[in-house]
Amino acid sequence: MELSDVDTTTIWLWLAIIASGLYHGINPGMGWPLAVSAGLMDKSQRAVIGALLPLSTGHLAAMLLVLLPFVLLIALAEWQRPIQITAGVIIIGFGLMRLINRRHPRALARIPPTRLALWSFAVAIAHGAGLMLLPIYLGLCATSAAQDGHMAAQRVIDQNLAMALLVALVHTAAMLGAGGLLAWLVYRYLGVKFVARSWFNLETVWAVSLVLVGAAALAVTVAEWR
């Protein structure tokens, strides 16, 4: 049984969601070192695992905050292409802003690391983590619409909402898996000196990746529009 172009596109989009989640999980800026810190302070492996739950909860909330406004927007089929183009431009603009201004918002410094869920939510928003999912989510909604054909507006909204929740959950699960594994390895075997000696700054990589994702989404949308 051969896969159709729509099926192949859907597979690649889901793989991109998982890959972006792994990428966010590996990045120490998303908080896994705080889980290591919690484990070291309590001298307990359970504390490492316990810290991962609020970190992932905050990250999930940040993803949904970005995705949910588009649930209603993309129900307007005639505006689908302009919405995708706008999303691509927003992602590129945010990535360029991160490249030019690398200072973290002062508000982040006022959130104590002990409030892990709030901290994770604020950091993900400040870094534009949810923006990376936008073109993928919009692409999944487009392939789903192509499979189902014409649908009533309410069904489109319900389907888009379910898709947004699923995208955010799968992404966060991948992020939790990657970040949790690193936190456990550093706590149990590698030690904090490993992080200090071997890690590198991912801020520039993050900003460039946002620009590339936005540019790719923009190019694909414009090519399909023509």
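Trainee: Is K43 buried or exposed?
Mentor: K43 is exposed, with a relative accessible area of 73%; exposed means over 50%, buried under 20% and partly exposed in between, using a 1.4 Å probe and protein chains only. This is a predicted model, where local features need pLDDT of at least 70, side-chain atom pairs count only at pLDDT 80 or more, and totals for chains, interfaces and linings use all residues. Residues are numbered from 1 along each chain as its sequence is written, and side-chain values use heavy atoms, leaving out hydrogens and water.

Trainee: Where is K43 found?
Mentor: In the loop between α2 (32-42) and α3 (45-67). Helices here are DSSP runs of H or I, at least four residues, numbered from the N terminus.

Trainee: New topic: where is T172?
Mentor: T172 is in helix α9 (residues 153-190), and T172 counts as buried at 6% relative accessibility.

Trainee: What does T172 touch?
Mentor: Not counting residues up to four places away in sequence, T172 touches S56, H59, L60 and M63, where contact means heavy atoms within 4.5 Å. The T172 side chain also reaches the backbone oxygen of A168 at 2.7 Å.

How values were computed
Helices (H or I, at least four residues) and strands (E, at least two) are DSSP runs, numbered from the N terminus. A polar contact is a pair of N or O atoms within 3.5 Å; within protein, one must be able to donate a hydrogen and the other to accept it, and residues adjacent in sequence count only if both atoms are side-chain atoms.
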